[in-house]
Amino acid sequence: MAGRARVPGAVAGCALLLAGLVGCGGAPARDTQTDAVRQVLDRRATAVLDGDRSEFLATGGPSHGAAVAGVTGAAQFDNLRAVPLAAWSYRLTALHRTGDRATADAELRYRIKGYDRAPVTAARALGLARTGGRWYVTSDRPAGKASRQLWEQGPVEVVMGAHSLVLGVGQPRDVLRGYADLADRAVPAVTRAWGTDWPGHVVVLVPRSLQDMAGLLGAPASGYRGIAAVTTGEAGGTGTTPADRIIVNPEAYAVLGDLGKQVVLSHETTHVATRAHTTPATPLWLSEGYADWVGYLGSGRTPAQVAPELGRSIAAGHVPAALPSDTDFAFTGDAGQLARAYEGGWMACRMIAQRWGEARLNAFYRAVGDHGRRAGAVEEALAKVLRTTPETFTREWRAYMTAQLG
């Protein structure tokens, strides 16, 4: 939103505000070309929702729009066809015209039917051309460094589970069914651990490759090479959470055993469940440690099996002096340090569950996140929920790890 500023000579001059010309008398003059672009975007959105291919292609003009990264507008529509959409719209944020050509910045907002309570938003850069007095969309691509969408990578295959929706590209249907089965087991397990204050279902995206996973995240592939899956979605304690997506790295996931695959899906599902209470106040040792705690719950795995890197470090006489910092969880950092950070967070949550009880662990997690700000969040939750101090908690955590892994 543009800020207000005093314009020199404003008595004699005019200003341009929100793409509408404001006359000296104060009455806005309609920008008919901007209105026309909005109308073609509205037509395009309606065609997607209605599954009307001919109407969608009509918004691209006689050529149906140019190919974007090898994907034509027609292919994008066809790739998207199987996805059950509840909403799809464009919000025009800027228009730059040069004669009969234009580029536009827009925000795409869409929801999947039965799964998304809030929309996914994606920044798009649109190319437009005017022919015969009408505007057409010639290209529709991610804006700047924005992430790609799954349907831009190929035809989307859809598998529905009891508690899950799996969307895949370039994957056999039986493989996608396997992901749905794992997610369907994860959702009830997470609900038993966390509670029922979340929707109780997940959307899983399975791209063709690590490179395609990185494209969905708008990030370099090198940062996710050993990461089996991630969960997208902004953290926030507003009660209206954004649409989360569990995005799988099929290359890393394929090398996991059956238990590992289930732990990963349960871990990521926990992030979806806890999203409304995960805020900037929540340290990563707690959010990742709790997700691992739920993931391994009931697995029968011992601390030595779950935390081998930490065990080797402690056996060598190196007991962590403090709980893992957020920087310890960087995917691009040292692999051993990353493993020890996850394991240390898991040990902290396991200790809370064993000494104070699982209900107190959940209450602690919520209390930290609901604080809203990082400063003082953990300290206050330790005092109010666990009746302890950061110094005492850290000392007990170090002793607990030494006893369990030493």
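**Helix H11 and its crossing with H14**

In this predicted model, helix H11 (residues 335-355) and helix H14 (residues 390-405) have axes that come within 10 Å and cross at roughly 100°. An angle from 65 to 115 degrees counts as roughly perpendicular, and H11 and H14 are therefore roughly perpendicular to each other. On the H11 side the contact is made by Gly344, Met347, Ala348, Arg350, Met351, Ile352, Gln354 and Arg355. H14 contributes Phe393, Glu396, Trp397, Tyr400, Met401, Gln404 and Leu405. Sorted by class, the contact of H11 with H14 has nine nonpolar, three polar and three charged residues.

H11 itself has 21 residues. From its first C-alpha to its last, H11 reaches 30 Å, close to the 30 Å expected at 1.5 Å a residue. Of the 21 residues of H11, 15 are buried, so the helix is largely enclosed by the rest of the structure. At the start of H11, Asp334 places a side-chain oxygen within 3.1 Å of the backbone nitrogen of Gly336. After H11 comes Gly357, with a positive phi near 105°.

H14 also meets another helix. The axes of H10 (residues 308-315) and H14 come within 10 Å and cross at roughly 95°. H10 and H14 are therefore roughly perpendicular to each other as well. Here Leu310, Gly311 and Ile314 in H10 meet Met401, Thr402 and Leu405 in H14. By class, this contact of H10 with H14 has four nonpolar, two polar and no charged residues. Met401 and Leu405 of H14 take part in the contact with H11 and also in the contact with H10.

The loop between helix H13 (377-386) and H14 holds Arg387. Its phi is near 55°, a positive value in a residue other than glycine. Arg387 has a relative accessible area of 65%, over the 50% cut-off, and is therefore exposed.

Asn362 lies in helix H12 (residues 358-370). With a relative accessible area of 10%, Asn362 is buried. The Asn362 side chain reaches the backbone oxygen of Ala193 at 2.8 Å. Apart from neighbours within four places in sequence, Asn362 is in contact with Ala193, Trp194 and Tyr290.

Ser266 is placed in helix H7 (residues 258-274). Ser266 is buried too, at a relative accessible area of 6%. Neighbours within four places in sequence aside, the contacts of Ser266 are with Ala186, Val190 and Gly295. Pro188 lies 78 residues from Ser266 along the chain, and the C-alpha atoms of the two are separated by 9.6 Å.

For the protein chain as a whole, the secondary structure comes to 14 helices and twelve strands. Buried residues make up 48% of its 406 residues. Among contacts with a separation of 6 or more, 62% are between residues 24 or more positions apart.

Conventions:
Residues are numbered from 1 along each chain as its sequence is written. This is a predicted model: local features need pLDDT of at least 70, side-chain atom pairs count only at pLDDT 80 or more; totals for chains, interfaces and linings use all residues. Side-chain values use heavy atoms; hydrogens and water are left out. Axes are lines fitted to C-alpha atoms, for helices over the stretch in contact, and angles run from 0 to 180 degrees between N-to-C directions. Helices (H or I, at least four residues) and strands (E, at least two) are DSSP runs, numbered from the N terminus. Angles under 35 degrees count as roughly parallel, over 145 as roughly antiparallel, 65 to 115 as roughly perpendicular and the rest as oblique. Contact means heavy atoms within 4.5 Å. Ala, Val, Leu, Ile, Met, Phe, Trp, Tyr, Cys and Pro count as nonpolar, Asp, Glu, Lys and Arg as charged, and the others, Gly among them, as polar. The expected span of a helix is 1.5 Å times one less than its number of residues. Buried means under 20% relative accessible area, exposed over 50%, partly exposed in between (1.4 Å probe, protein chains only). A polar contact is a pair of N or O atoms within 3.5 Å; within protein, one must be able to donate a hydrogen and the other to accept it, and residues adjacent in sequence count only if both atoms are side-chain atoms.
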